[in-house]
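Here are my notes on this one, point by point. Have the model open while you read.

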Amino acid sequence: VIVYANGQWVNENDAVIPVDERGHQFGDGVYEVTRIYEGKPFMMREHVERLVKSAEAIRMDLGMTVEEIESLMMEAVERSGEKNCDVYIQITRGIAKRGHLFPKDVKPSITMTVRPMEVIAMEERLAGKTAIFHEDERWKNCYIKSLNLLPNILAKQVANDAGAYEAILIRDGYVTEGTSSNIFIVQNGELVTRPLSNYILAGITRMRVEQLAEQLNIPFVEREFTKEDVLEAEEVFMTSTTNEVLPLVEIDGTTIGSGVAGPVTERVAKQFLQTV
Ligand code: PDD
(Lines give C-alpha, C1' and ligand atoms only; values in the text may rest on other atoms or scores of the structure.)
Protein backbone atom coordinates (compact mmCIF):
# COMPACT_ATOMS: atom_id res chain seq x y z
CA VAL A 1 0.00 0.00 0.00
CA ILE A 2 1.39 3.38 -0.92
CA VAL A 3 0.02 6.60 0.52
CA TYR A 4 0.52 10.16 -0.74
CA ALA A 5 -0.49 13.17 1.31
CA ASN A 6 0.19 16.70 0.14
CA GLY A 7 3.56 16.23 -1.46
CA GLN A 8 4.82 13.40 0.72
CA TRP A 9 5.01 9.64 0.31
CA VAL A 10 4.30 8.10 3.69
CA ASN A 11 3.38 4.88 5.43
CA GLU A 12 -0.29 4.03 5.61
CA ASN A 13 -0.74 5.06 9.24
CA ASP A 14 1.61 8.02 9.16
CA ALA A 15 -0.40 10.31 6.89
CA VAL A 16 -1.84 13.10 9.01
CA ILE A 17 -4.68 15.36 7.93
CA PRO A 18 -5.03 18.58 9.96
CA VAL A 19 -8.30 18.92 11.86
CA ASP A 20 -9.13 22.02 9.81
CA GLU A 21 -9.11 20.18 6.51
CA ARG A 22 -12.23 20.81 4.48
CA GLY A 23 -12.68 17.30 3.14
CA HIS A 24 -12.66 16.03 6.66
CA GLN A 25 -14.99 18.74 8.01
CA PHE A 26 -17.36 19.43 5.11
CA GLY A 27 -16.83 16.67 2.57
CA ASP A 28 -15.69 19.64 0.49
CA GLY A 29 -13.85 17.75 -2.19
CA VAL A 30 -13.92 15.31 -5.07
CA TYR A 31 -12.37 11.93 -5.80
CA GLU A 32 -11.72 9.21 -8.35
CA VAL A 33 -11.10 5.49 -8.19
CA THR A 34 -9.07 4.16 -11.12
CA ARG A 35 -7.72 0.77 -11.99
CA ILE A 36 -4.40 -0.63 -13.17
CA TYR A 37 -4.40 -4.03 -14.93
CA GLU A 38 -1.04 -5.74 -15.41
CA GLY A 39 0.68 -2.39 -15.01
CA LYS A 40 -1.56 -0.71 -17.57
CA PRO A 41 -3.87 2.13 -16.48
CA PHE A 42 -7.48 1.65 -17.56
CA MET A 43 -9.08 4.77 -19.07
CA MET A 44 -7.12 6.94 -16.68
CA ARG A 45 -7.41 9.98 -18.92
CA GLU A 46 -11.22 9.77 -18.78
CA HIS A 47 -11.12 9.46 -14.99
CA VAL A 48 -8.87 12.48 -14.60
CA GLU A 49 -11.01 14.50 -16.98
CA ARG A 50 -14.04 13.62 -14.85
CA LEU A 51 -12.11 14.66 -11.73
CA VAL A 52 -11.41 18.04 -13.29
CA LYS A 53 -15.10 18.41 -14.20
CA SER A 54 -16.15 17.49 -10.65
CA ALA A 55 -13.72 20.09 -9.27
CA GLU A 56 -15.07 22.75 -11.65
CA ALA A 57 -18.61 21.88 -10.60
CA ILE A 58 -17.78 22.70 -6.96
CA ARG A 59 -15.81 25.81 -8.03
CA MET A 60 -12.49 24.40 -6.94
CA ASP A 61 -9.35 25.33 -8.84
CA LEU A 62 -7.02 22.33 -8.87
CA GLY A 63 -4.07 24.34 -10.09
CA MET A 64 -2.89 21.26 -11.98
CA THR A 65 -3.35 20.07 -15.53
CA VAL A 66 -4.84 16.72 -16.50
CA GLU A 67 -1.33 15.58 -17.49
CA GLU A 68 0.13 16.58 -14.12
CA ILE A 69 -2.56 14.74 -12.18
CA GLU A 70 -2.14 11.68 -14.36
CA SER A 71 1.61 11.61 -13.88
CA LEU A 72 1.24 11.99 -10.11
CA MET A 73 -1.09 8.98 -10.12
CA MET A 74 1.31 6.97 -12.25
CA GLU A 75 4.18 7.91 -9.92
CA ALA A 76 2.13 6.44 -7.05
CA VAL A 77 1.60 3.24 -9.02
CA GLU A 78 5.31 2.96 -9.81
CA ARG A 79 6.31 3.57 -6.19
CA SER A 80 3.84 0.93 -5.02
CA GLY A 81 5.37 -1.69 -7.30
CA GLU A 82 1.86 -3.09 -7.83
CA LYS A 83 0.78 -4.44 -11.21
CA ASN A 84 -2.89 -4.98 -10.40
CA CYS A 85 -4.25 -2.30 -8.13
CA ASP A 86 -6.58 0.58 -7.67
CA VAL A 87 -5.55 4.18 -7.29
CA TYR A 88 -7.74 6.35 -5.08
CA ILE A 89 -7.23 10.09 -5.41
CA GLN A 90 -9.04 12.67 -3.31
CA ILE A 91 -8.71 16.42 -3.71
CA THR A 92 -10.31 18.80 -1.22
CA ARG A 93 -10.56 22.58 -1.12
CA GLY A 94 -7.70 22.71 1.36
CA ILE A 95 -6.76 23.44 4.91
CA ALA A 96 -8.16 26.56 6.62
CA LYS A 97 -9.87 27.54 9.85
CA ARG A 98 -13.37 26.06 9.84
CA GLY A 99 -15.93 28.28 8.15
CA HIS A 100 -18.61 27.69 5.56
CA LEU A 101 -17.35 30.21 3.00
CA PHE A 102 -14.57 29.23 0.59
CA PRO A 103 -11.27 30.10 2.26
CA LYS A 104 -8.99 32.53 0.40
CA ASP A 105 -5.47 31.68 -0.71
CA VAL A 106 -5.49 28.00 0.12
CA LYS A 107 -4.10 25.20 -1.97
CA PRO A 108 -6.13 22.05 -2.61
CA SER A 109 -5.23 19.12 -0.38
CA ILE A 110 -4.36 15.96 -2.33
CA THR A 111 -4.26 12.45 -0.92
CA MET A 112 -3.85 9.15 -2.75
CA THR A 113 -3.65 5.47 -1.98
CA VAL A 114 -2.62 2.56 -4.18
CA ARG A 115 -3.85 -0.84 -3.08
CA PRO A 116 -3.53 -4.28 -4.67
CA MET A 117 -6.70 -5.45 -6.37
CA GLU A 118 -7.55 -8.80 -7.95
CA VAL A 119 -10.08 -9.36 -10.71
CA ILE A 120 -12.91 -11.62 -9.52
CA ALA A 121 -12.79 -15.03 -11.21
CA MET A 122 -15.12 -15.40 -14.23
CA GLU A 123 -16.97 -18.37 -12.77
CA GLU A 124 -17.76 -16.52 -9.59
CA ARG A 125 -18.66 -13.38 -11.55
CA LEU A 126 -21.11 -15.22 -13.80
CA ALA A 127 -22.84 -16.76 -10.78
CA GLY A 128 -24.01 -13.20 -10.15
CA LYS A 129 -24.89 -11.09 -7.15
CA THR A 130 -28.11 -9.95 -5.51
CA ALA A 131 -29.53 -6.48 -5.03
CA ILE A 132 -32.39 -4.63 -3.40
CA PHE A 133 -34.20 -1.45 -4.34
CA HIS A 134 -33.76 1.64 -2.19
CA GLU A 135 -35.05 5.20 -2.39
CA ASP A 136 -32.45 7.54 -3.93
CA GLU A 137 -32.04 9.98 -1.06
CA ARG A 138 -29.16 11.93 -2.58
CA TRP A 139 -29.03 15.55 -3.70
CA LYS A 140 -29.57 16.72 -7.29
CA ASN A 141 -25.92 16.89 -8.38
CA CYS A 142 -24.97 13.24 -8.48
CA TYR A 143 -22.92 13.83 -11.66
CA ILE A 144 -20.27 15.32 -9.36
CA LYS A 145 -18.03 12.65 -7.84
CA SER A 146 -18.02 14.38 -4.46
CA LEU A 147 -16.89 13.07 -1.10
CA ASN A 148 -20.41 13.33 0.32
CA LEU A 149 -21.37 9.68 0.23
CA LEU A 150 -23.59 9.33 3.29
CA PRO A 151 -26.77 8.39 1.37
CA ASN A 152 -24.72 5.95 -0.70
CA ILE A 153 -23.13 4.18 2.24
CA LEU A 154 -26.40 4.07 4.18
CA ALA A 155 -28.19 2.42 1.25
CA LYS A 156 -25.30 0.01 0.66
CA GLN A 157 -25.43 -0.98 4.33
CA VAL A 158 -29.19 -1.61 4.11
CA ALA A 159 -28.44 -3.90 1.14
CA ASN A 160 -25.73 -5.68 3.08
CA ASP A 161 -27.95 -6.11 6.13
CA ALA A 162 -30.50 -7.75 3.83
CA GLY A 163 -27.83 -10.13 2.51
CA ALA A 164 -27.59 -8.29 -0.83
CA TYR A 165 -24.58 -6.87 -2.63
CA GLU A 166 -25.90 -3.61 -4.08
CA ALA A 167 -28.82 -1.23 -3.68
CA ILE A 168 -30.46 0.00 -6.87
CA LEU A 169 -31.59 3.56 -6.27
CA ILE A 170 -35.04 4.83 -7.28
CA ARG A 171 -35.90 8.50 -7.79
CA ASP A 172 -39.40 9.57 -8.82
CA GLY A 173 -40.27 6.00 -9.78
CA TYR A 174 -37.26 5.44 -12.03
CA VAL A 175 -33.92 3.72 -11.49
CA THR A 176 -31.07 6.17 -11.27
CA GLU A 177 -28.00 4.00 -10.55
CA GLY A 178 -26.47 1.81 -7.86
CA THR A 179 -24.88 3.17 -4.67
CA SER A 180 -21.50 3.00 -6.40
CA SER A 181 -22.32 1.61 -9.83
CA ASN A 182 -24.36 2.18 -12.98
CA ILE A 183 -27.24 -0.18 -13.75
CA PHE A 184 -28.05 -1.87 -17.08
CA ILE A 185 -30.96 -4.09 -18.07
CA VAL A 186 -31.49 -6.26 -21.13
CA GLN A 187 -35.00 -5.76 -22.50
CA ASN A 188 -36.10 -7.43 -25.77
CA GLY A 189 -32.44 -8.03 -26.57
CA GLU A 190 -31.54 -4.36 -26.18
CA LEU A 191 -29.05 -3.12 -23.64
CA VAL A 192 -30.76 -0.33 -21.74
CA THR A 193 -29.31 2.19 -19.29
CA ARG A 194 -30.48 5.51 -17.98
CA PRO A 195 -29.44 8.60 -20.01
CA LEU A 196 -26.77 10.79 -18.44
CA SER A 197 -28.07 13.71 -16.40
CA ASN A 198 -27.33 15.45 -13.12
CA TYR A 199 -29.01 12.53 -11.33
CA ILE A 200 -26.29 9.96 -12.10
CA LEU A 201 -22.54 9.70 -12.31
CA ALA A 202 -21.24 9.37 -15.86
CA GLY A 203 -19.48 6.06 -15.20
CA ILE A 204 -16.26 5.36 -17.05
CA THR A 205 -17.11 1.65 -17.07
CA ARG A 206 -20.54 2.62 -18.46
CA MET A 207 -18.75 4.54 -21.22
CA ARG A 208 -16.66 1.47 -22.05
CA VAL A 209 -19.74 -0.79 -22.09
CA GLU A 210 -21.35 1.52 -24.62
CA GLN A 211 -18.24 1.10 -26.83
CA LEU A 212 -18.26 -2.69 -26.33
CA ALA A 213 -21.96 -2.94 -27.23
CA GLU A 214 -21.13 -1.35 -30.55
CA GLN A 215 -18.20 -3.75 -31.14
CA LEU A 216 -20.40 -6.72 -30.24
CA ASN A 217 -23.39 -5.51 -32.28
CA ILE A 218 -25.65 -5.34 -29.27
CA PRO A 219 -28.26 -2.57 -29.58
CA PHE A 220 -27.53 0.08 -26.92
CA VAL A 221 -30.34 2.35 -25.83
CA GLU A 222 -30.44 5.12 -23.23
CA ARG A 223 -33.87 5.41 -21.63
CA GLU A 224 -35.35 5.59 -18.17
CA PHE A 225 -36.73 2.40 -16.64
CA THR A 226 -38.70 1.43 -13.54
CA LYS A 227 -38.45 -1.17 -10.79
CA GLU A 228 -40.94 -3.31 -12.74
CA ASP A 229 -38.78 -3.10 -15.86
CA VAL A 230 -35.85 -4.36 -13.79
CA LEU A 231 -37.80 -7.26 -12.30
CA GLU A 232 -39.15 -8.27 -15.72
CA ALA A 233 -35.83 -7.77 -17.53
CA GLU A 234 -34.11 -10.65 -19.31
CA GLU A 235 -30.84 -9.68 -17.63
CA VAL A 236 -29.54 -7.06 -15.22
CA PHE A 237 -25.98 -6.01 -14.48
CA MET A 238 -24.07 -3.28 -12.70
CA THR A 239 -20.83 -1.61 -13.76
CA SER A 240 -18.09 0.12 -11.84
CA THR A 241 -14.34 0.51 -11.74
CA THR A 242 -13.97 -1.95 -8.88
CA ASN A 243 -16.58 -4.50 -10.05
CA GLU A 244 -16.26 -4.17 -13.84
CA VAL A 245 -19.35 -5.82 -15.37
CA LEU A 246 -21.17 -7.70 -12.63
CA PRO A 247 -24.45 -9.60 -13.17
CA LEU A 248 -27.35 -9.09 -10.73
CA VAL A 249 -29.43 -12.26 -10.67
CA GLU A 250 -31.84 -11.74 -7.81
CA ILE A 251 -33.41 -8.41 -6.88
CA ASP A 252 -35.72 -7.85 -3.91
CA GLY A 253 -36.17 -11.63 -3.81
CA THR A 254 -37.18 -11.94 -7.48
CA THR A 255 -35.02 -14.09 -9.74
CA ILE A 256 -33.86 -12.32 -12.89
CA GLY A 257 -33.87 -14.43 -16.05
CA SER A 258 -32.52 -17.90 -15.33
CA GLY A 259 -30.87 -16.88 -12.05
CA VAL A 260 -27.36 -16.74 -13.47
CA ALA A 261 -25.68 -14.26 -15.84
CA GLY A 262 -27.52 -14.12 -19.17
CA PRO A 263 -25.83 -14.31 -22.60
CA VAL A 264 -25.59 -10.56 -23.22
CA THR A 265 -24.07 -9.92 -19.79
CA GLU A 266 -21.61 -12.76 -20.29
CA ARG A 267 -20.46 -11.43 -23.65
CA VAL A 268 -20.05 -7.91 -22.34
CA ALA A 269 -18.29 -9.03 -19.13
CA LYS A 270 -15.81 -11.20 -21.07
CA GLN A 271 -15.16 -8.60 -23.73
CA PHE A 272 -14.62 -6.01 -21.01
CA LEU A 273 -11.89 -8.03 -19.32
CA GLN A 274 -10.30 -8.91 -22.64
CA THR A 275 -9.93 -5.26 -23.53
CA VAL A 276 -8.61 -3.75 -20.26
N1 PDD B 1 -17.84 4.38 -7.67
N2 PDD B 1 -22.24 5.66 -9.80
C3 PDD B 1 -21.74 5.98 -8.60
C4 PDD B 1 -22.61 6.70 -7.63
C5 PDD B 1 -20.40 5.65 -8.29
O6 PDD B 1 -19.89 5.98 -7.10
C7 PDD B 1 -19.62 4.93 -9.24
C8 PDD B 1 -18.20 4.56 -8.99
C9 PDD B 1 -20.21 4.61 -10.48
C10 PDD B 1 -19.44 3.89 -11.56
O11 PDD B 1 -18.47 4.74 -12.12
P12 PDD B 1 -17.12 4.17 -12.76
O13 PDD B 1 -17.50 3.17 -13.78
O14 PDD B 1 -16.49 5.37 -13.38
O15 PDD B 1 -16.35 3.60 -11.64
C16 PDD B 1 -21.51 5.01 -10.73
C17 PDD B 1 -16.46 4.19 -7.29
C18 PDD B 1 -15.83 2.98 -7.86
C19 PDD B 1 -16.38 4.25 -5.77
O20 PDD B 1 -17.00 5.13 -5.22
O21 PDD B 1 -15.69 3.43 -5.17
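1. Start with helix α6, where Ile204, Thr205, Arg206, Arg208, Val209, Leu212 and Ala213 are buried. Buried here means 20 or more other C-beta atoms within 10 Å of the residue's own, exposed means 12 or fewer, and partly exposed is in between, with C-beta atoms placed from the backbone. Helices (H or I, at least four residues) and strands (E, at least two) are DSSP runs, numbered from the N terminus.

2. Two housekeeping remarks. Residues are numbered from 1 along each chain as its sequence is written. This is a predicted model, in which local features need pLDDT of at least 70 and side-chain atom pairs count only at pLDDT 80 or more, while totals for chains, interfaces and linings use all residues.

3. Is the length of α6 what you'd expect, or off? It agrees: the 12 residues should span 16 Å at 1.5 Å a residue, and the end C-alpha atoms are 17 Å apart. The expected span is 1.5 Å times one less than the number of residues. After α6 comes asparagine 217, with a positive phi near 55°.

4. α6 also matters for the ligand shell: its three residues are the largest share. Both α6 (204-215) and β13 (235-240) supply at least two residues each. There are 14 residues around the ligand, and Leu201, Gly203, Ile204, Thr205 and Thr241 come nearest; to be near, a residue needs its C-beta atom, placed from the backbone, within 6 Å. By class, the shell has three nonpolar, nine polar and two charged residues. For the classes, Ala, Val, Leu, Ile, Met, Phe, Trp, Tyr, Cys and Pro count as nonpolar, Asp, Glu, Lys and Arg as charged, and the others, Gly among them, as polar.

5. On to the cores. The largest nonpolar core has 33 residues, and Ala131, Ile168, Val236, Leu248 and Ile251 have the most contacts inside it. Strand β14 (residues 244-251) gives the most to this core, with five residues. Apart from it lies another core of 21 residues, including Val3, Tyr4, Leu51 and Ile89. A core is a set of buried Ala, Val, Leu, Ile, Met, Phe, Trp, Tyr and Cys residues joined through C-beta atoms within 7 Å.

6. What does isoleucine 168 touch? Leaving out residues up to four places away in sequence, its partners are Ala131, Phe133, Val175, Gly178, Ile183, Val230 and Ile251. Contact means C-beta atoms, placed from the backbone, within 7 Å.

7. The domain assignment gives domain 1 (2-116) and domain 2 (122-274), with bounds that come from an automatic or database assignment. Their C-alpha centres lie 26 Å apart.

8. Two loop residues to look at. Glutamate 38, in the loop between β3 and β4 (40-42), has a positive phi near 50° and is exposed, with 7 other C-beta atoms within 10 Å. Aspartate 172 sits in the loop between β8 (166-171) and β9 (174-178); its phi is positive too, near 50°, and the residue is exposed, with 8 other C-beta atoms within 10 Å.

Note on methods: Contact = placed C-beta atoms within 7 Å.
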